[in-house]
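I opened a new entry today. I wanted to look up the nonpolar cores and the aromatic rings.

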Amino acid sequence: MTPDDPHLVRVLAADGSFAPSPAAEPYLDAVAALDEADLETFYRDMTVIRAFDRQATNLQRQGQLALWPPSHGQEAAQVGSARAARAQDHLFPSYREHVVCTIRGVDPVDIIRLMKGLTHGGWNPYDPKNGNTHLYTLVLGSQTLHATGFAMGLAFDGKSGTGDADRDEAVIVYYGDGASSQGDVHEAMVFAASFQTPEVFFLQNNQWAISVPVRTQSPAPLHLRAAGYGMPSIHVDGNDVLASYAVTRRALDEARAGEGPRAIEAQTYRMGAHTTSDDPTKYRTADEEQSWALRDPIARMRTYLRGRGAGDAFFTEVDAEAAAVAEDARARTVALESIPTDLIFDHVYSEEHPLISEQKQWLADYEASFGEERA
């Protein structure tokens, strides 16, 4: 499908005008219910996270962290879907959902701490300040199994489908077009469909699985795969934050109400590298990148807001906030200190274990053998 396909759910055209596609008709009530503060929040979220993402990329280039997966270009898919979730919902990211995490309350420097190798997880998903946001998963597709197991537990515990919208819970899990070819994803969908889990599979199709184009992975649109499991699926313009919000809101509401799992394919584009260890100029053309740059989600929303009367003062304020967040992330990243090497042994078992104690001592002795030169 092309971005102009009438079967694609789209509310805003690439030029920022309000031009719903025929497929968007069922979702326009959700869009109409958004007020100016909601719309401005969407724009603020996208702008701030792009500044942070750019800063984190620079920090990696300067040797401050081992790896960084840029999210440039995918902001609308992530912001819209995350803002559609209720506070009691549970979110399972992959490793590029930086704004999903920060919207839910995760400190952005906790993401950097993970990529810098200063933590063995990143954050505590059960700490209320992190908004039920589970940990990044760099093993492709495995988070879909984690999410489905968790969603099964919600169903078994009677935490969905009760009719109480303020109490019922749902799960949303994020993965990419590359991960969609992993067996884990399909196994997760089998169990989700069989147990009718309160779950939304949110596929961000950014067109490239590292250097492999999506057309090589599948001759048919990826969202059609869900039909094989009897799972309703929606194809949405992932560079349109309003469409992403409206589609995800309905899907989560249905899943939360006990109607079973849903699948969403958000058609977007990874403008940057897969990670900072990748060089996209080796496998894609400048013309392709430029064609997607014209559909930039932030520029699209900015034009829409200006058309609704937003003035320079608002955009200047947002730009200043974005710069401040990025600078704060830089300052706190540079100030991070190393963690003890032996910390990796401390939580393998809930109680002291002789084998773990032996390994911990071995490592201590080994490092000590380097003397002062090691220090």
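I took a nonpolar core as a set of buried Ala, Val, Leu, Ile, Met, Phe, Trp, Tyr and Cys residues joined through side-chain atoms within 4.5 Å. Buried means under 20% relative accessible area, exposed over 50%, partly exposed in between (1.4 Å probe, protein chains only). The model is predicted, so I noted its limits: local features need pLDDT of at least 70, side-chain atom pairs pLDDT 80 or more, while totals for chains, interfaces and linings use all residues. Residues are numbered from 1 along each chain, and side-chain values use heavy atoms, without hydrogens or water.

I looked up the largest core. It has 68 residues, and L242 and M301 touch the most other members. Helix α9 (residues 241–256) gives the largest share, nine residues. Helices here are DSSP runs (H or I, at least four residues), numbered from the N terminus. Another core, of 19 residues, lies apart and includes Y175 and F201.

Next I checked the rings. Rings of Phe, Tyr and Trp (its six-membered ring) pair if their centres lie within 6.5 Å; planes under 30 degrees apart are stacked, over 60 edge-to-face, the rest tilted. I found 16 aromatic pairs. Y43 and F314 have centres 5.9 Å apart and planes at 50°, so their pair is tilted. Y43 is in helix α2 (residues 36–61) and F314 in helix α12 (residues 312–334), so the pair ties together parts 271 residues apart in sequence. Y43 is buried at 2% relative accessible area, and F314 is buried at 9%. Ring pairs link Y43, F314 and F315 into a cluster.

Conventions: Helix = DSSP H or I, 4+ residues; strand = E, 2+ residues; numbered from the N terminus.
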